[in-house]
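Let's walk through this model together, one piece at a time. Have the sequence and the 3D view open as you read.

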Amino acid sequence: MRPPELYFIDGALPETPAPDDRPEPWTETRVVGSRRTRIDGFDRVSGAAVYPSDVLLPGMLYAAVLRCPHPQARVKKVDTSAAAKMPGVRAVITGATPAADLRWYYSRTVFTKLFDPVCRFESEAVAAVAADTPQLAWDAVRAINVEYEVLPFVVDERAALAAGAPPVHDGGNRVAEPEKYSRGDVAKGFAEANTVLEASYRTATEIHCPTEPHGCVARWDGPRLTIWESTQGVYPVQQRVATSLEMPLANVRVIGSYMGGGFGSKLQADKYNLIAAALAKLTARPVKLFLTREETFLCVGNRPAANMKLKAGVRKDGTLTALELTVLGTGGAYPAGGTSLVDWLVRDLYTCPNVRTESTDVYTNAGPARAFRAPGHPQGAWALEQMMDALAEAIGIDPVDLRLKNISTVSQAREGQPPYTTTGLERCLTEGAKAFGWHEARKRPKGNGPVRRGVGMAAGLWIAGSGGPPSTVVVKLFADGSANLNMGASDIGTGTKTVMAMVVSEELGVPLEKIQIENADTGTTQYATASGGSKTVPTEAPAVRDAALKVKRQLLEIAAEELKAPVNELQIDGEAVVSRRDPKVRKKISELDGVRRRGLVLGVGTRGPNPEKKAVDPFVAQFCEVEVNERTGEVKVLRFLSANDSGRVMNRLTYDGQVIGGVTMGLGLALTEQRVLDRQTGKMVNRNWHDYKVPTAMDVPPEIASLPIEVPDNEANISGAKGLGEPVTIPTAAAVANAVYDATGVRVTESPISPMRLVALLAGKRAGR
Amino acid sequence: MGGKKDDNERRSSRGVTRRGFFTAVGAGAVGAAAIGRAQAPGEAAIATAGEPAKVALRINGRAYRLLVEPRWTLLFVLRERLGLSGAKAGCERGECGTCTVLIDGVPRYACTTLAVEAEGHEITTLEGLMNGDKLGPVQQAFLEEDALQCGYCTPGQIMAAEGLLRANPRPTLDEIRTGMSGNLCRCGAYTHIFKAVQKASELKKAGGR
């Protein structure tokens, strides 16, 4: 097997050209910043939106994958003879099938076969079936006989480096040498401190759980392949599938205009894409392959557990003198950034001259991790923000004041310590505290009975909220004044399409009802990176504005000729071009002959580069009040407020949606979510939504307040917006933990704060342990 | 299923709660879970499909006559046989509620209802809430309050809200939370969903339906 030439997106991409001249920042806006319902809202609430799992094609078959039930095993024999003969079964593929003899790359250098004889985690793919119905496909999967040599395994990262731990790969369980970071001199820093605290923290592994399972429909038309994929980025999927199958990029079309949630788990292609493609090729029929819910708990990513030990020194006046963090984590059975960015907040959030971090990433026999909403950050915040709370108490100052004392206006951990374009953290803290009634709430009695109240807060920043090139979009203005926007980016539920339509409307005066958007289709829409990292708005909005401005310039030139007025005197007012000097000199866009003669006016926009020697980060501060029943260990979140500096607010309605969603997800990390791997079998025991608990309508406070700290970041990009979707979930769990401490005096350093864990800790406290 | 109006039934008719689900829909659902595709591969003996059966279903006021395998769920028939993709497939094991439809006006999980069980009952899907090409009041309220993000759980949320409001036209916030607690939203739009249900209640009252 010849290794395919892989196209990895790790910084090797050419940047799209900078717009030729940088427009002035918006001062007053008509549309941007207002509350607008979604441009595709009708489609989403009527059922008209076709999600990839809704796709039905003539002659379509259904596929199911046989997966290894053991955490580590060698496949010795696969007998498909009974399965292949079953009625309705159209194809069975295994590692011995030539069409499925493909490589799967877990990283640039680490690969296996698509169906590899060595299975290093429960649910590795072993064989697959296409049949007339999904029920028949599963019948056939059950009829395949596999002989496994079951091997010893290690599923707990804390045991992976112990002597005698079963190796996941030849060469042991270290993914690489520990990643180290250091500035200043921590020993000196601790010596200068009045108070030094040290504690261990752990966050449990979380599963993404998008409601639409991962999957696709694959169809061949001769040499060309079309994939309808539930994805955050059609282009990365196209690149991986095309290179794995050694096909021209142009011959792999990936469509994902609607998708049912991803949270980072759908940024990339998956083995199932190749399996569906192979089955579709063999049967010459379209194949639908969507994973079952149980499978999605095992093999399509997770937020890996983080084991953190943090030591912090502070002076009496609240000045931080030193921070030292060690992290142990795992990306599962293959390199997947098991400790990625866990230390970033310790490195960068607060002013501190002396910082040292060390992160050790190990292999375990569990499904590989994937990016999960603000990778590493909520874990790091769980440790750092609980530590800040403890430090504040130790030196007797308000937790908000301790943070205010240590705000940094430069990114200390980046090369050259560049200043932030904008730093809204101070306003997030002060205005958030005021809106929440923090100081009053802290003074309120906690209650004497078993039900106690407490308040907590935490802060954060997000490393990747700037967005950036490449992105290319096309805006078409039709002769009647309506517009079409063509962009490759996915709207993963954040309201991207609506925000972009608002940008077009802002510049061209086209009402939202007259804007149509095509997106997320490699065959027909422009290049975009995957929608993730909270970068879609700050990446795409500037490109869309650039495209709209290019249309506008042409439009004004056409109008200048017809109105016999100088171009620089003209502006768009509603649906007409009007002279600034004389409002009577005006013509409706739909009446401009020049536009009619052309049929349409086209603008191609690109995302220019980010500012040099500057850092662009969004900031957040969150406040909450909880009620803890000390008898049952139940925690009820009574109210929650999130103050966010994400630059300009583009659409207040969907902005608030992101805030409440991120907080809700953070409540899951705080209170209910944990993957449980059985020590004796290495299998996940809670691979369903009864046993793995994501927040329900019963678990959220009646209202989650969103307080935008709007500082348009005009230096960052020409929309003034920074990322939002991830910062909103970063400090949430830590804020809840701090509130639980305030209520009970018990520090829950290990997530989730389950009733069982909290009751045990409370009993320990009563017993004086 | 349906019909009875004792206290228990009315409570459950306000929506399917996660914990109350199996007691609410009874043995049919448990049976479906046991013979459906919920089993992990390799754990069961080879299943047999059973002889296809004729069923007559009434969906959104229209009659459908179909040949189905007895093990086919109502959800499978709606989505993959009739192209009514309003009901979504989220877990196919009675946990998330993305597949919620109304059966005789009561929210039910279509993934744990067999198609053959649904015969003789009035089935309403998301598509059935439309007034021609106009949104129904619950749909309109979800749109206006932005009670959604990715939109995949939304059809189920809307059906649960519709069922809740039919049983209880003016629910309190606590009743809304309970009524909607059988429907998961991973994007976390719950607090907007609460507002949408309140608005839907007003729109329904104003519109006389």
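V314(A) has L320(A), in β16(A), as its bridge partner. That bridge belongs to the pairing of strand β15 (residues 306-314) with strand β16 (residues 320-332) of chain A, which is antiparallel and runs over nine bridges. Strands here are DSSP E runs of at least two residues, helices are H or I runs of at least four, and both are numbered from the N terminus; two strands pair if DSSP finds at least two bridges between them.

Before going further, note that this is a predicted model: local features need pLDDT of at least 70, side-chain atom pairs count only at pLDDT 80 or more, and totals for chains, interfaces and linings use all residues. Residues are numbered from 1 along each chain as its sequence is written, while chains are lettered from A and ligands numbered from 1 in the order in which they are written.

Now zoom out to the sheet. It's an open one of five strands in chain A, ordered β9-β17-β16-β15-β10, with mixed pairing. At its edges sit β9 (179-183) and β10 (195-203) of chain A, each pairing on one side only. Ignoring direction, neighbouring strands are turned by 10° against each other on average.

What lies across β10 and β15 of chain A? That's α9(A), running at about 150° to β10(A). Angles run from 0 to 180 degrees between N-to-C directions, and axes are lines fitted to C-alpha atoms, for helices over the stretch in contact.

Helix α9 (residues 377-395) of chain A also packs with helix α17 (residues 732-744) of chain A, at an angle of about 35° and with the axes 8 Å apart. On the α9(A) side, the contact residues include W382(A) and E385(A), and on the α17(A) side they include N738(A) and Y741(A). Two residues count as in contact if their C-beta atoms, placed from the backbone, lie within 7 Å. By class, this contact has seven nonpolar, two polar and two charged residues. Nonpolar covers Ala, Val, Leu, Ile, Met, Phe, Trp, Tyr, Cys and Pro; charged covers Asp, Glu, Lys and Arg; the others, Gly among them, are polar.

Finally, look at where the chains meet: 55 residues of chain B are in contact with 55 residues of chain A. On the chain B side, α5 (137-144), α6 (154-167), α7 (173-179) and α8 (190-207) each give two or more residues, and α8(B) gives the most, with five. That side of chain B divides into 28 nonpolar, 14 polar and 13 charged residues.
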